[in-house]
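These are my notebook entries on a structure that I looked through for the first time. I set down what I looked up, entry by entry.

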Amino acid sequence: MKSFLLSTPLLALILAMTARSAQPRPWPIEPPSKSVSGNASFQDPTTEIRAGSIAGRVIVGEKPVSGVAVMLMRLDSNSSQRTPAATVKTDEEGRYRFKGVAPGSYDVIPAAPALVLPKQGRYGQPGKTVMVEVRESTEGVDFALTEGGVITGRVTDADGRPVVEEAVSLNKTTEQGHTFQFIPPNYESLTTDDRGVYRAYGVPAGRYLVSVGTPYGPTRGNRREYYKETFHPGVTDRAKAVSVEVKEGAETTGVDIIVGRPQKTYAITGRVVNSENKPLPGIKLGVIAHSEDGNSSTNTRGGWPSDDKGVFRIEDALPGHYLIYPLNDPITNSFGEPISFDVKNEDVSDLEIKMSRGSTIDGVVVVEGINDQGLRGKLSQLGVSAHVSLQDPSRALRDRPSDWFASSQISGDRSFRVAGLPPGKAMIYLRWNSPSAPNEFTILRVERNGQEITNGMVIGQGEQVTGVRVVIGAGSGAIRGQVKIEGGQLEGVRLTLYLRRAGGGANFHRQTELDTNGRFAIEKLVEGDYELLVGPMGVTVTGDAGVKTMSRMPTVQQTVSVTPGAVSEVTLVLSLKP
């Protein structure tokens, strides 16, 4: 048996492909829209002829579990929506069945807070993702759940008094010494009560570091005091923390933490001005904070706007090194330079952030090959975004959190104006204004003064770029297929399919996760050639031949042609032989 662990981040190409959503969306589970019996149909009768079904079994150990609610969440292939469709309960043999399921993709989720669920749903959510074809009966969507363990203890201060309403963190440790935070579905159980007691249940078996307090900030909790991050049993040095073993179905008690005296937080104040030293109101800030020991950092973007006098104030800052960067402001068409400083044992004041005149990109969105007026009306849910790579990349790494970007709504006459950009190379992308916005639109090409731009446009300081045309379309083609694995198994690794237009097309990237059977479908594609790639790009393979780290997944990057109204079938094979 071979096991695989994620070992390296995705390459820059893969990172670019996730531009639509910077972070995976951990949706809360909403109440189902309809509750039905285990074998009932929930689909409209007019579509019953095309509908399929999903069936499976829920067990714990070797025994079936009856009465478990199983939820069905519809996944929108053209947005990030996940809509509750139905819920059923398992019968005496632990079996469930959804009938009358319309073709599409779904997350199937047993609702059992005290049990440990597989996280094979979309974006690593609990449950499993399942694709249903026309009139397809999908069987064997089984769940072998395990009993979660319990960690409980008490948090007290240096005088033995209970620490009330303090968040407790659980960090699971791997055999390689890495840690990652575990957040149970019942996350409220990780808050101490009036006795200082917490009790986390549904915890997967393993070893955990248990802590309270804040390692870095600002905390944004309206608190002038905080507890320094403290691990069980009462140490602030992570290396000296005592790990706690959680066994399946067992309760681990006495995981107490004694915190030290509350530490003070500090205020950071300053003002934002333009090149003429006049105050600028409404400028939002981003804050990068590094802990004093350099082991922790955080990046919070878009808070703490300057007031009508240009003054900003950041409360609850913890000691450490800080970098504050202003977000570009399209109203005043300005961008600013970040400032860095240290917070030690006093408030920091009289800081100044200076904004400079930015560049603008003015243009129009042109819809090509789309006659459906309803589809054209969806443009109001989209915008145009410009991402600017700085001319000196080394400076970006040292002084800035990332490349700059700014966006603009598409007006009624389909014009746009992106403002507040710094000098550099700008790439144009479509921007989705909400998770429910349609993503069937594709940038076909970007033009400036009649000339096609294939690799971005260079803009100067304060330059006004005009004559830009963003030509978009929406296709009727689709790519469907399956990823097959040979020579081993992938354990604990989520596979994602990445799609980009062949021969350039840097403005278009799309991704989708595979379902529990390794299948995928990407719809509403415009005509052309597309490159498919499977990620993640790096895994550690452990098998009979020893341990080997692969810098990328051992798969074939395949090109697929898409034609209007047709489905292109494809199979990708992963050969897992270290």
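The entries below go from the whole chain to single residues.

**Entry 1: the whole chain.** I noted at the outset that this is a predicted model. I looked up the secondary structure and found three helices and 49 strands in the chain. I then asked what share of the 578 residues counts as buried. The value is 47%. For the surface, I recorded that the chain exposes about 27700 Å², with carbon and sulfur atoms supplying 48% of that area. I also looked at contacts between residues at least 6 apart in sequence, and 73% of these join residues at least 24 apart.

**Entry 2: an antiparallel sheet.** I turned to an open sheet of four strands, whose order is S34-S33-S36-S39. Its pairing is antiparallel. I asked which strands stand at its edges. They are S34, residues 404-409, and S39, residues 457-459, and each of them pairs on one side only. The twist from one strand to the next averages 35 degrees. Within this sheet I followed S36, residues 424-432, which pairs with S39 in the antiparallel sense over three bridges. There Ala426 stands opposite Met457 of S39. I reminded myself that strands of a sheet pair through backbone hydrogen bonds, either parallel or antiparallel.

**Entry 3: a mixed sheet.** I looked up another open sheet of four strands, in the order S27-S24-S31-S29, and here the pairing is mixed. Strands S27 (311-317) and S29 (334-336) each have a single partner strand, so one side of each is left without a neighbour in the sheet. The twist averages 30 degrees from one strand to the next. I traced S24, residues 266-273, and found that five bridges join this strand to S27 in the antiparallel sense. Ile268 has Ile314 of S27 as its bridge partner.

**Entry 4: strand S10.** I asked how many residues of strand S10 (residues 127-132) are buried. Six of the six are, so the strand is largely enclosed by the rest of the structure. I then listed pairings of S10. Strand S7, residues 104-111, runs antiparallel to S10 and is joined to it by five bridges. Strand S9, residues 119-120, pairs with S10 in the parallel sense over two bridges.

**Entry 5: aromatic pairs.** I searched for aromatic pairs and found two in the structure. One is formed by Tyr96 and Phe98, and it is edge-to-face, with 5.9 Å centre to centre and 65 degrees between the planes.

**Entry 6: backbone details in loops.** I looked up the peptide bond from His232 to Pro233 and recorded it as cis, with omega near 10 degrees. Pro233 lies in the loop between strand S19 (230-231) and strand S20 (244-246). I then asked where Trp304 lies. Its place is the loop between strand S26 (297-303) and S27. The phi of Trp304 is near 50 degrees, a positive value in a residue other than glycine. Trp304 has a relative accessible area of 12%, under the 20% limit, and therefore counts as buried. Arg414 also has a positive phi, near 70 degrees, and is likewise a residue other than glycine. I located Arg414 in the loop between S34 and strand S35 (415-421). Arg414 is partly exposed, at a relative accessible area of 26%.

Methods: Residues numbered from 1 in each chain as written. Predicted model: local features only at pLDDT ≥ 70, side-chain atom pairs only at ≥ 80, totals over all residues. Heavy atoms only, no water. Pairing = 2+ DSSP bridges. Axes fitted to C-alpha atoms, helices over the stretch in contact; angles between N-to-C directions. Buried < 20%, exposed > 50% of the residue type's maximum accessible area, 1.4 Å probe, protein only. Contact = heavy atoms within 4.5 Å. Areas by Shrake-Rupley, 256 points an atom, 1.4 Å probe, with all protein chains shown as cover. Phe/Tyr/Trp six-rings, centres within 6.5 Å; stacked < 30°, edge-to-face > 60°.
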